[in-house]
Amino acid sequence: MSLSTDSAAPGGDVFRVVGGARLVGEVRVPAAKNSVLKLMAAALLAPGRTTLTGAPDIDDLDVMASLLTSLGCEVTRDRDAATVAIDVPEEIGHRADYDLVRRIRASTAVLGPLVARTGSADLALPGGDAIGSRGIDMHIDALTALGAQCSSDHGYLHAHAPEGLRGARIAFDFPSVGATENAVLAAVLARGVTTVTNAAREPEIADLCQMLVSMGAQIDGIGSATLTIRGVERLSPTVHATVPDRIVAGTWAVAALMTRGDITIRNADATHLSLVLTKLSSAGADITVLEDGFRVVGRGQPTAVEVVTLPYPGFPTDLQPMMIALNSVSDGAAMVTENIYESRFRFVNELTRLGADIRTDGHHAFVRGQTRLSAAPVEATDIRAGAGLVLAGLVADGVTHVYGAHHIDRGYAGFAEILQSLGADVTRVSEVAP
Ligand code: UD1
């Protein structure tokens, strides 16, 4: 059975999107959700106060804060200053309960730190979610290679390394982001040298490694597919500025092109979106790279572009829904291939309710562009699908209601307010009665 990680989130709100606006203005990208949650877990590795700056204003941080609190930490979040401070005691717990793990996938990142610090971890198995099955076998293999004994019962993974972890060679079949993170988080305190080959190269992994280095870890090959980690006895707390959210930045870039608008995206790293910006440029966007971001201008109807999602530096799976939305209003037809998550095309049925012409076959979606979409009520099934549907609503005739606004909130703080500041008529309303 597949479990939605969002099932416990409060629901009820709807994004009311009036189609037709051209988005013009400036946005500032917050720190990456996909990084900051893992960095919070990394704080467990060092007793004392670790502070993360530039934290995004999203509720998932509260869930991770609750998990760290349940392990004995004190977490202070200052939403105005965009900081999270984590006070880690000398002695920490080792159990991550199902109640919290089921709500955010990123909670699995405590596995490595808990085994490294306490020699033991009991982690609720996360199950699948709305976008796919999301196994953790590679996380377990990495911990096992480092000397932990792993077993599972009653929905929990138990990892034990009473004598401590020891360096090992870890070779991944697939460059999993989560498994690479757990391998690194465990290896930094292991005895001896660990090499991780076919490691994930996402900018969020480099961000994690850089934070760990600032805590005293010894890691070579940061940003490459081979990481060499020399274990140290102890790490120290740190202050770290989280990498900007490339998925949020990419979402605004697609929005500019789709609405034939002009958006300057600040606090963004164009090198993290190299392939995405190349694709958008082929689709007709006029892109200027700036010192602290980039500007995207859309003129006329975009051209459909082929997309194949792959591990970084390939095209990010998290921007796939936005590209399907883009292709659905482009000139021509194109294939979008999803290689990371098998259920990521679920939202396509919602997009076809807006008049999009999309045929899916396994992990391929063939999209024929239309000159217009037509507003309708639709349902967001996950964060990125929700953002893609809002973008589609912006170019549909009439008023689109996107249900399941809480999904979108998990990845985009103040989404409606930012869209309004760019000239769109988008509001958040309570669920419209049937
Ligand atoms: C994935 C994305 C990441 C994105 C994040 C949030 C990739 C490669 N990873 O990271 O860029 O920021 O979602 O949306 O695009 N898998 C297993 N066993 C494991 C680990 C993974 O089967 O032990 C499978 C997953 O089910 C999935 C694929 O490998 O099909 C990608 O996994 P992974 O990179 O670990 O996922 P996330 O860390 O969630």
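The questions and answers below concern a predicted model.

User: Which residue ranges make up domain 1 in the domain assignment of the protein chain?

Analyst: The assignment divides the chain into two domains, and domain 2 takes 33–241. The centres of domain 1 and domain 2 are 31 Å apart over C-alpha atoms. Domain 1 is written as two segments, 14–29 + 245–429.

User: How much area do domain 1 and domain 2 bury between them?

Analyst: The contact involves 22 residues from domain 1 and 18 residues from domain 2. Of the area buried, 54% lies on carbon and sulfur atoms. On the side of domain 1, Y312, Y341 and R410 lose the most area to domain 2, together 34% of what that side buries. The total buried between the two domains is about 1600 Å².

User: How many charged residues does the side of domain 1 that touches domain 2 have?

Analyst: Two salt bridges are found across the interface of domain 1 and domain 2, and five residue pairs are in polar contact. By class, the domain 1 side has eight nonpolar and four polar residues. The charged residues there number 10.

User: How far apart are the closest N and O atoms of E204 and R246?

Analyst: The pair counts as a salt bridge because a side-chain nitrogen of Arg lies within 4 Å of a carboxyl oxygen of Glu. For E204 and R246, the separation of the closest N and O atoms is 2.9 Å.

User: What share of the ligand's own accessible area does the protein cover?

Analyst: The ligand is surrounded by 16 residues, the closest being R134, D137, M138, S176 and I340. For M138, a backbone N or O atom lies 2.7 Å from a ligand oxygen atom. Of the 720 Å² of accessible area that the ligand has on its own, the protein covers 84%.

Definitions and conventions. Residues numbered from 1 in each chain as written. Predicted model: local features only at pLDDT ≥ 70, side-chain atom pairs only at ≥ 80, totals over all residues. Heavy atoms only, no water. Domains from an automatic or database assignment. Contact = heavy atoms within 4.5 Å. Buried area = accessible area lost by both parts, 1.4 Å probe. Polar contact = N/O pair within 3.5 Å; in protein donor to acceptor, adjacent residues only side chain to side chain. Nonpolar A, V, L, I, M, F, W, Y, C, P; charged D, E, K, R; others polar. Near = heavy atom within 4 Å. Areas by Shrake-Rupley, 256 points an atom, 1.4 Å probe, with all protein chains shown as cover.
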